[in-house]
Amino acid sequence: MKKLSKLMCLLLAVGMLMGIASCSSDAGEGGGGSSGGTETVRISCGPLNGYQNVLYNSIADMMNKANPGKYSFAIEASTGSAENARLLAMDETDFGTMGMDMTLSCYNAEGEFEGLPAEQIMHVATHSGTGATVHVITSAKSDINSIPDLAGTKFGVTAGMMAGYLDDVLWAYDMTTDDLGSVVNLSLSDLCTALQDGNIDAFLYATPAPGTNFTDLAMSFGIKVVDIGQEAVDKLMAEKPWYHTVVIPAGTYDGCDEDITTFAQYTALCARADVPEETVYNLVKTMMENADALEAVHKNAAGTCPERGIEGALIPMHPGAERYYKEVGVLD
């Protein structure tokens with residue numbers, strides 16, 4: 001009898017352990033993963049303290065208030081569009097922001113995404129505002145006053161999409177990076193530091209104006225935003241129609257007293273195709289129903305609305321986003 005009791009106890013203990021392991025395994029399934037019933041949602045959206053990073057931290061707060069205990073957000077800093085797209089394709093994040101042209105390249109696994117899995121990402125929402133606006137930044141004391149003045153200079157740029165913008169700016173003036181003295185790839189914060197330290201003469205970065213990093217740099221160091229010029233922008237738009245003209249108004253940055261003509265392209269929020277429909281639906285709903293609060297976070301969020309959310313999409317819509325847009329009547 002004692003031997004039988006010991007055997008029953010042993011079998012009961014093994015059964016309990018298997019049950020615990022099964023529950024643990026079930027909790028880890030689903031987009032982004034979950035822990036204790038809370039779904040982890042990873043969003044890659046540009047440099048720390050940049051516009052998008054600040055915006056999505058605010059959206060995460062709103063999501064948590066609307067869905068207490070349901071989500072755990074990880075707002076992850078990145079170098080920008082190209083890295084965000086790559087992280088999505090490689091299943092290392094759940095949502096990511098990127099330029100419209102980048103969405104198509106990543107979806108089709110073309111160009112710099114060749115060799116990665118195709119059709120891994122889907123459109124969620126088109127950002128309001130101008131989109132990522134190209135800034136060519138130099139010291140306020142610099143002799144650089146035009147794009148041709150960059151010839152022979154020490155130039156800084158972030159690798160990936162920003163380097164592509166640099167190629168486009170130079171192309172509009174029949175120049176290439178070979179015309180520059182040198183080019184170094186750095187993060188946004190390191191670009192700002194390198195300019196202050198004199199290790200570079202100028203750099204390029206695209207972000208909605210006003211960019212927080214540039215506002216701080218203008219006040220603490222003194223900057224000049226180099227005018228790209230309407231003729232060059234028109235030449236670019238004829239070649240790449242996803243670009244549009246942007247004028248950075250005089251006074252946007254301390255010490256910058258003239259309008260600056262440059263260009264931008266709209267930014268899209270994308271998600272992996274396997275992110276749960278309900279998660280994407282809730283995120284889009286939160287964004288659209290808190291448009292005024294988002295504008296208070298950053299003026300470039302002005303105009304957030306369902307109509308803008310579907311504008312210019314080049315890849316298939318995520319079912320969760322599609323559900324919301326149909327619900328509010330902007331999609332059939």
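A cavity here is a set of points, on a 1 Å grid over the protein atoms alone, where a 1.4 Å probe fits but cannot get out; a lining residue has an atom within 4 Å of a point. Grid points are joined across faces, edges and corners, and a volume is the space filled by probe spheres set on the points.

This is a predicted model, where local features need pLDDT of at least 70 and side-chain atom pairs count only at pLDDT 80 or more, while totals for chains, interfaces and linings use all residues. Residues are numbered from 1 along each chain as its sequence is written, and side-chain values use heavy atoms, with hydrogens and water left out.

**Exercise 1.** Work out how much space lies in the largest cavity and what lines it.

Step 1: The structure has three cavities of 30 Å³ or more.

Step 2: Now sort the lining of the largest cavity by class: 13 residues are nonpolar, 14 polar and none charged. For this count, Ala, Val, Leu, Ile, Met, Phe, Trp, Tyr, Cys and Pro are nonpolar, Asp, Glu, Lys and Arg are charged, and the others, Gly among them, are polar.

**Exercise 2.** Is His 135 buried or exposed, and what does its side chain touch?

Step 1: Find His 135 in strand S6, residues 132–139. Strands (E, at least two residues) are DSSP runs, numbered from the N terminus.

Step 2: His 135 has a relative accessible area of 0%, so it is buried. Buried means under 20% relative accessible area with a 1.4 Å probe, protein chains only; exposed means over 50%, and partly exposed is in between.

Step 3: Its side chain makes a polar contact with the side chain of Tyr 253, at 2.8 Å. Such a contact is a pair of N or O atoms within 3.5 Å; within protein, one must be able to donate a hydrogen and the other to accept it, and residues adjacent in sequence count only if both atoms are side-chain atoms.

Note on methods:
1 Å grid on protein atoms, 1.4 Å probe; cavity = no way out; pocket = protein on both sides within 12 Å on 5 of 7 lines; lining within 4 Å. Helix = DSSP H or I, 4+ residues; strand = E, 2+ residues; numbered from the N terminus.
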